[in-house]
Amino acid sequence: MVNESRRQRSNFSSREICKLCYHVNAVGFKVPDSTWRSVVPRRFWDDIVCLSCFTRLGDEKGVPWDERIEFFPVSLETNRRDANGQEMLEYEKGGSPHGD
Ligand SMILES: [Zn+2]
């Protein structure tokens, strides 16, 4: 739980950790609110859910989640370059949240 409260998710281009499987979400995506709420359990509405978890949940619930989906692939290297041009992410100042 160290530094957990310092993590920020305001920058959409940052590498995000899925709240369901705890893997890095390398492909960000955006769907309409109605689709998001049909697929994702309510307690995760404000959290990060990776593409593979989202698609699995969507298929399980019979939701046509691909109708208006947009993708934002983010490699680690691109994310680093973006971070240099903007302010550094808080959790990166203190090292990796999960080690390597
Ligand atoms: Zn996931």
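## Asp47 and its surroundings

Asp47 is found in the loop that joins helix α1 to helix α2 (51-60); helices (H or I, at least four residues) and strands (E, at least two) are DSSP runs, numbered from the N terminus. With 14 C-beta neighbours inside 10 Å, Asp47 counts as partly exposed. On this scale a residue is buried if 20 or more other C-beta atoms lie within 10 Å of its own, exposed if 12 or fewer, and partly exposed in between, with C-beta atoms placed from the backbone. Asp47 and Cys18 are 29 residues apart along the chain, and their C-alpha atoms are separated by 7.9 Å.

## Basis and confidence of the model

Residues are numbered from 1 along each chain as its sequence is written. The model is predicted: local features need pLDDT of at least 70, side-chain atom pairs count only at pLDDT 80 or more, and totals for chains, interfaces and linings use all residues.

The protein chain has a mean pLDDT (the predictor's confidence in each residue, from 0 to 100) of 79, and 70% of its residues reach 70 or more. Confidence is highest in helix α1 (residues 33-39), at a mean of 97, and lowest in helix α4 (residues 90-93), at 50. Over residues 1-13, pLDDT stays under 50, and the model has 16 contacts beyond four places in sequence for them. Two residues are in contact if their C-beta atoms, placed from the backbone, lie within 7 Å. Where pLDDT is low, the predicted coordinates should not be read in detail.

## Overall architecture

The protein chain contains four helices and four strands, arranged from the N terminus on as β-β-β-α-α-β-α-α. Of the contacts in the protein chain with a separation of 6 or more, 70% are between residues 24 or more positions apart.

## Buried residues

Of the 100 residues of the protein chain, 13% count as buried. Leaving aside residues up to four places away in sequence, Val31 touches Trp36, Trp65, Arg68 and Ile69.

## Two exposed loop residues

Tyr22, in the loop between β1 (16-17) and β2 (24-25), is exposed, with 9 other C-beta atoms within 10 Å. Tyr22 has a positive phi of about 65° although it is not a glycine. Most residues other than glycine have a negative phi.

Ser75 lies in the loop between β4 (70-73) and α3 (76-85). Ser75 is exposed, with 10 other C-beta atoms within 10 Å. The C-alpha atoms of Ser75 and Asn25, 50 residues apart along the chain, are separated by 9.9 Å.
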